[in-house]
Amino acid sequence: MMAAAPHSPDAPRTPEQPHAAGEPSQPRTATGAPGVEDPDSEAQQGERLTTALGSPLSDTDHSLKAGPRGPVLLQDHHLREKITHFDHERIPERVVHARGAAAHGHFESYGNAASLTVADFLAPGRVTPVFTRFSPVVGSRGSADTVRDTRGFATKFFTSEGVYDLVGNNIPVFFIQDAIKFPDVVHAAKPHPDREIPQAQSAHDTFWDFVSLHTEAQHHTMWQMSDRGIPSSYRMMEGFGIHTFRLTNAEGETSLVKLHWKPKLGVHSLTWEEAQIIGGVDPDFHRRDLADSIEAGAFPQWELGMQVLPDQEDEMFEGIDLLDPTKLVPEEIAPVQPVGLLTLDRNPRNYFAETEQVAFHPGHLVPGIDVTDDPLLQGRLFSYLDTQLTRLGGPNFDQIPINRPHAPVDDMLRDGYGQQAIHTGIAPYQPNSLDGGCPFAVGSDEAVRDIPIPVAAAKKERRSPASFADHFSQARMFWLSMTPVEKEHIVAAYSFELGKCTDEGVRRRQLECLARIDGSLCADVADSLGLPAPSPEQAPDADAGASPALSQLGRHWPVDGRKVGVVVDPAHVPDDLGAVLELIESLGMTAFLIAPRAGELLGRHVDRTFATARSVEFDAVAFAGAPAPAADATLARDAKAGSGTVENIDPRVVLLAQEAWRHSKVVAAWADGAQVVDALGSAGRASEADPSGAGSAGSAGVIVAIDGEDAVRHAQEFLSAHRVWERFGPVPGAAEEPEDGSSL
């Protein structure tokens, strides 16, 4: 037997388990039945090294050779198996949504949608297991999380009637109206084919060339240029089904609906500078945040809501074509009515087996839910199934454990790559007598229904209805719905993105599109590009109106899961520090202890050092001291140490305060920490007489408190509004608090 490598254990021991909150769900067989094995039986078994088929091995470090210096022998079966499997470990990544993060959870129905649909998972008292995957659209699996992009929000419901997939985005409208344009928009958004750059970005010529010419993309582009394009966390991101769906109730009555996911923590975004910094210091920011929050017990939640619309022959509502995926229905004219609560409470045990291999499809429907004639949705019904055949090796991708239904399956489908079911009987066809006529079709009242919607007499033609021709009024509505600070961010986003385009013709053409949306928006972007603002071919829609529900700002939300960085000076620790850390966590937030060096303080581990901490990972920064420059506060060790000079305070601590202040975050201090706030200068200085930070504009949300508890209590007030936007501009008007809605 070969000797163990230095420092390796000399006897078998139980491997570390994956980070997962809660117990794994009961496994299912390939045909949907509850598995009899313990969930852990799917993991690697035993303590001894074996081949893939269980034969024991004594050595996996050396190939079989003809002597120690001789050629490797072909008969080395272990070498061939190990290398062959390694060569085939990867599968094609998704063309879009390649970089995902996911979690298990459950959906609890409020029961108030039972009058609209016979879908069992929406019946009163139903609790349904789910698996939800979030993802940017454009980037590859190796791209960063915080790029400006649309995000996917896909949920797989394992219902008693089969799998239902709600496959949407964090933006309620799409770039295109017809699925035949999907290859075009993806080709335009992906990196340029000659150099394969830029990665995961829309700030380049081909994207803006396409959207400035294909103007139906302007509404979605406006959303992407807003703060929605850089969400702060998947936990604070809305989701939308995008399309209009048709529901059927027990009486056969139909209604049309648009589906929404509303985060219980509110909708929150990064600032652009934060997104850029995070892309460098932690490109896995969103993935880490989701997993860490679940592991810490701060389970993210969303309410599923419906906009219920009459199912009329023209499929229009208040002049809005419900089959046009580039249009939304304002919530002011069709309120979103909550029908259930999604809670994500368990992380995947293995990324590849679950997050990478999960296969969504908008055609995975259950009785009571049907599609409409939306031409984008109709194309997706083909595309999603087709792509799984390549990615997952054939037609049996639904037998991969993460995709298996939690309902009995008898489909008469046979064989093919990856077949895992052991079928019985000899007659997989209908009609038959040899298998006793099985499987029998169910009655129409139990089945996925093909709703007999009349189809108007028409001729075959390649064109869209006239109602699809308005490409600008809802983009203008979105702009008019933004608060001043949100408008500033949109101007900055367009300016940055178009500033990255090298073709002046593309820039000018997009400015012409902006002129159709709003003159001031166009003028501000044109000025940043050094180009004249064009006169629009057609004036902006004077009747576009506004929808205040589209703004992210003006409400107050729970502070659950908020991250507070607490900077300490080990040489001068305030007496109340331990109590302050306990208070932060008792309020549902997470405290991160930041000190000059790693180790322990007050019996707990230091979470970050001045070298490893950056303000972008915290929602607020509290200073319990003003530590002197540490031994590693030199440019040779840490370039952040060159960020500025304040006598007797570590420059990286000052940088934490400056960045947090610049990004409209709460900056709190007590005891010696007040010296750090003083380093912000007069613009950001708060007085002890006014610890609320409500004095001058620059000092808004800057708190100098009499003690740590006072600092945390004041910080909590600001954190409930996400950011302190009034620091740099007008305070957005308070919107109405979200209703909890209990009936439809």
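Trainee: In this predicted model, which residue stands opposite F153 in β3?

Mentor: Strands β2 and β3, the latter covering residues 151-159, pair in the antiparallel sense over seven bridges. Within that pairing, the residue that stands opposite F153 of β3 is F134.

Trainee: Which residue of β2 is the bridge partner of G105?

Mentor: Strand β1, residues 101-109, is joined to β2 by eight bridges, and the two run antiparallel. In β2, the partner that bridges to G105 is V130.

Trainee: How many of the ten residues of β2 are buried?

Mentor: Strand β2 spans residues 127-136 and is mostly covered. Buried is taken here as under 20% relative accessible area, and by that criterion the number of buried residues among the ten in β2 is eight.

Trainee: Which helix gives the most to the core of 49 residues?

Mentor: That core is the largest nonpolar one, and W208, Y494, L521 and V525 have the most contacts inside it. Several helices supply at least two residues each, among them α3 (205-213), α10 (484-499) and α12 (519-529). With six residues, the helix that gives the most to this core is α11.

Trainee: Leaving aside its neighbours within four places in sequence, which tyrosine is W208 in contact with?

Mentor: Once those neighbours are left aside, the contacts of W208 include T221, M225, L498, V506 and Q510.

Trainee: How many residues are in the second, separate core?

Mentor: The second core is separate and includes L166, W302, L344 and V366. In soluble globular proteins, nonpolar side chains tend to be buried together. The number of residues in this second core is 34.

Trainee: Which strands stand at the edges of the sheet, each with a single partner strand?

Mentor: Six strands form this open sheet with parallel pairing, in the order β17-β14-β13-β18-β19-β20. Inside that order, β13 (residues 563-567) and β14 (residues 590-595) are joined by five bridges, and G565 stands opposite F592 in β14. The edge strands have a single partner each, so one side of each is left without a neighbour in the sheet; they are β17 (608-609) and β20 (702-704).

Trainee: Is L434 buried or exposed?

Mentor: L434 lies in the loop between α8 (375-391) and α9 (473-481). Together with I426 and Y429, L434 makes a nonpolar surface patch of about 340 Å². Exposed requires a relative accessible area over 50%, and because the value for L434 is 58%, L434 is exposed.

Note on methods:
Residues numbered from 1 in each chain as written. Predicted model: local features only at pLDDT ≥ 70, side-chain atom pairs only at ≥ 80, totals over all residues. Heavy atoms only, no water. Patch = residues over 30% accessible without salt bridge, like charges linked within 9 Å, V, L, I, M, F, W, Y side chains within 5 Å. Areas by Shrake-Rupley, 256 points an atom, 1.4 Å probe, with all protein chains shown as cover. Salt bridge = Lys/Arg side-chain N within 4 Å of Asp/Glu carboxyl O. Helix = DSSP H or I, 4+ residues; strand = E, 2+ residues; numbered from the N terminus. Buried < 20%, exposed > 50% of the residue type's maximum accessible area, 1.4 Å probe, protein only. Core = buried A, V, L, I, M, F, W, Y, C linked by side-chain atoms within 4.5 Å. Contact = heavy atoms within 4.5 Å. Pairing = 2+ DSSP bridges.
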